[in-house]
Amino acid sequence: MINLKPLRILVAAVAAIGLVGCTSIADQQARADSGAIKPIWIVNKSHTKNYVDGVQVDMSIINLSPKTIKYATLYVMPFNPVGEVIVSEIGGKSLAEVEIVGPFEPSHQANYSWQNVWYHSVFDCYEIERIEIEYMDSTELMLNKSEVSKVLMDSTNELISNSCT
């Protein structure tokens with residue numbers, strides 16, 4: 001019987017190289033498979049505000065895990081320009097949940113936008129407090145705030161800050 005697992009991993013890594021960059025994502029895939037890092041990348045975390053101060057949260061996510069993601073929930077917190085947590089003027093919440101519903105295949109990259117997460121006239125930025133991932137095989141993974149800081153990348157695959165302060 002031929003073991004196809006190494007071939008599947010190689011195919012996934014090669015596919016991932018075409019998504020983001022030549023060496024960085026392949027290196028991250030290998031490190032994710034070995035458990036050296038958490039198996040997700042968040043690329044180009046950003047936001048926009050609409051004319052009524054509704055905040056849209058945007059990001060691209062890459063699944064570096066060899067597993068298919070069933071659901072992912074990101075817990076996000078808003079801040080004003082002086083680094084203080086703010087409360088939405090509509091709904092009265094600070095900590096918000098934004099969700100991804102899969103299936104989200106290994107080595108896949110997708111862009112996500114969540115509209116009107118908060119409403120606030122002095123919103124400046126947001127931090128990702130934690131990420132909870134459930135895989136199709138029912139296993140779960142949680143990334144705390146310090147772990148999230150290790151998976152935030154810009155478009156050149158450089159680490160970016162998760163801090164608004």
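Which residue in S6 is the bridge partner of Val76? It is Ile128. This is a predicted model.

Strand S3 covers residues 69–79 and strand S6 covers residues 125–135. They run antiparallel, joined by 10 bridges. The pair Val76 and Ile128 belongs to this set of strands.

S6 also pairs with strand S7, residues 140–143. Here 4 bridges join the two, again antiparallel. Ile133 stands opposite Leu141 in S7. S6 and S7 form a hairpin, with 4 residues between them. In the turn, Ser138 has a positive phi of about 75°.

## The open sheet

An open sheet holds 4 strands in the order S5-S2-S1-S8. Its pairing is mixed. Strand S5 (109–119) and strand S8 (152–153) stand at the edges. Each has a single partner strand, so one side of each lacks a neighbour in the sheet.

S1 (residues 40–49) and S2 (residues 54–63) pair in the antiparallel sense over 8 bridges. His47 has Val57 in S2 as its bridge partner.

## Glu127

Glu127 is found in strand S6. Is this residue buried or exposed? Glu127 counts as buried, because its relative accessibility is 3% and the cut-off for buried is under 20%.

The Glu127 side chain makes a polar contact with the side chain of Lys145, at 2.3 Å. The Glu127 side chain also reaches the backbone nitrogen of Cys164 at 2.7 Å. Leaving aside neighbours within four places in sequence, Glu127 is in contact with several residues, including Tyr75, Val76, Met77 and Phe79. Asn162, Ser163 and Thr165 are also among its contacts.

Terms used: Residues are numbered from 1 along each chain as its sequence is written. This is a predicted model: local features need pLDDT of at least 70, side-chain atom pairs count only at pLDDT 80 or more; totals for chains, interfaces and linings use all residues. Side-chain values use heavy atoms; hydrogens and water are left out. Two strands pair if DSSP finds at least two bridges between them. Buried means under 20% relative accessible area, exposed over 50%, partly exposed in between (1.4 Å probe, protein chains only). A polar contact is a pair of N or O atoms within 3.5 Å; within protein, one must be able to donate a hydrogen and the other to accept it, and residues adjacent in sequence count only if both atoms are side-chain atoms. Contact means heavy atoms within 4.5 Å.
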